[in-house]
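Me: I have a structure to look at. Walk me through how to read it, please.

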Amino acid sequence: MADINVTPLVDVMLVLLIIFIVTAPIMTYPIDVALPQRVINPPPQLKEPPPPIDLRIDAGGSVYWNNSPVNVRDLQQRMEQEIQRDPTNQPELRIDANPDAQYDVMAKVLAAAKNAQMLKIGFVQ
């Protein structure tokens, strides 16, 4: 027999066609994204930005707030105190995590920052 059997090829192509027909409408729904808008005349910055908060997480899971040890449970309260000083001019939170640190501690730190509504969060390498 010298002919090529194209039936399996046609079956695969029909299955792919059905998959694309089903998934194409799902991809057309718009997703709302709040992008920052360009400002032609930005307001002058009258205040100096506050000094950043250096938060270090070592391999043992200990957390240090500007080189002084702090309990993970007290982080959210300290972050809220920093924000209440000046809500419009928040300090930047710089997180320096040891590569061997547990993810659980990092997740708790990020959850505390989110719950305290910190807007400026950076990661140090």
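Me: How many positive and negative side chains does the protein have?
Reply: Lys and Arg count as positive, Asp and Glu as negative; His and the chain ends are not counted. A charge is placed at NZ of Lys, CZ of Arg, CG of Asp or CD of Glu. Here there are 10 positive and 14 negative side chains, and the centres of the two sets lie 11 Å apart. This is a predicted model: local features need pLDDT of at least 70, side-chain atom pairs count only at pLDDT 80 or more, and totals for chains, interfaces and linings use all residues. Residues are numbered from 1 along each chain as its sequence is written, and side-chain values use heavy atoms, without hydrogens and water.

Me: In what order do the elements run?
Reply: Helices (H or I, at least four residues) and strands (E, at least two) are DSSP runs, numbered from the N terminus. The protein has 3 helices and 5 strands. From the N terminus the order is α-β-β-β-α-β-α-β.

Me: Which residues of α2 are buried?
Reply: Buried means under 20% relative accessible area, exposed over 50%, partly exposed in between (1.4 Å probe, protein chains only). In α2 (residues 75–85), Leu75, Met79, Glu82 and Ile83 are buried. Down the helix axis they fall within an arc of 95°, taken from the directions from the axis to the C-beta atoms. So they line one face of α2. Gln84 and Arg85 are exposed, on the face turned away from the buried side.

Me: What covers the buried residues of α2?
Reply: Contact means heavy atoms within 4.5 Å. The cover includes β1 (53–57), β2 (63–65), β3 (68–70), β4 (93–97) and α3 (103–115).
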